[in-house]
Amino acid sequence: MKLNTLTPAEGSTKNRKRIGRGTGSGRGGTSTRGHKGAKSRSGYKKKIGFEGGQMPLQRRVPKFGFKSFNRVEYKPVNLDTLQILAEQYNLTGIDMEALVAHGIASKNDRIKVLGGGELKAKLDVTAHQFSASAVEAIEKLGGTVNKI
């Protein structure tokens, strides 16, 4: 066997389509582009989202509202949730580690304690934010509020 006798496997190569080489080739004239229209012309480039002249989706859909990219989102946790945690796991202090360990929040969440429900246990609560009603309820029972 010599390098000049090597050939590709049967069916692995095809001759390319030679376009625009006269009418006798079968691909002359319009050169497989069809008749008229933007696609038949040189320099045609399809724009992203172009729908053939129909009003594009991003122009059809109504636009409203505003969402600030500086917005800080908090995961809400109510007092009744803290009460359930304290009862089930005999906790006197609730912080991020406790909330993450018991599946209330994920480690990247920012926590805001809200005043929903009723708190009966004296707790030391550590979170990112507190509502005024939550602070009042926690301190009324002798607990402490710590902001991270």
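**Close-up views of a predicted model**

**View 1. Strands S1 and S3 pair in the parallel sense.** Four bridges join S1 to S3, which spans residues 111–114. The model shown here and in the other views is predicted. Within this pairing, Pro 76 stands opposite Lys 112 of S3.

**View 2. Three strands form an open sheet.** The strand order is S1-S3-S5, and the pairing is parallel. S1 (75–78) and S5 (129–130) are the edge strands. Each of these two pairs on one side only.

**View 3. Helix H2 lies across S1 and S3.** The helix covers residues 79–89. H2 runs at about 65 degrees to S1.

**View 4. Ser 131 sits in the loop between S5 and H4.** Its relative accessibility is 15%, under the 20% cut-off, so Ser 131 counts as buried. The Ser 131 side chain reaches the backbone nitrogen of Gly 115 at 3.4 Å. Leaving aside neighbours within four places in sequence, Ser 131 contacts Lys 112, Val 113, Leu 114 and Gly 115.

**View 5. Leu 141 occupies the loop between helix H4 and strand S6.** H4 covers 132–140, and S6 covers 144–147. Leu 141 counts as partly exposed because its relative accessibility is 31%, between the 20% and 50% cut-offs. Ile 111 lies 30 residues from Leu 141 along the chain. The C-alpha atoms of Ile 111 and Leu 141 are separated by 21 Å.

Methods
Residues numbered from 1 in each chain as written. Predicted model: local features only at pLDDT ≥ 70, side-chain atom pairs only at ≥ 80, totals over all residues. Heavy atoms only, no water. Pairing = 2+ DSSP bridges. Contact = heavy atoms within 4.5 Å. Axes fitted to C-alpha atoms, helices over the stretch in contact; angles between N-to-C directions. Buried < 20%, exposed > 50% of the residue type's maximum accessible area, 1.4 Å probe, protein only. Polar contact = N/O pair within 3.5 Å; in protein donor to acceptor, adjacent residues only side chain to side chain.
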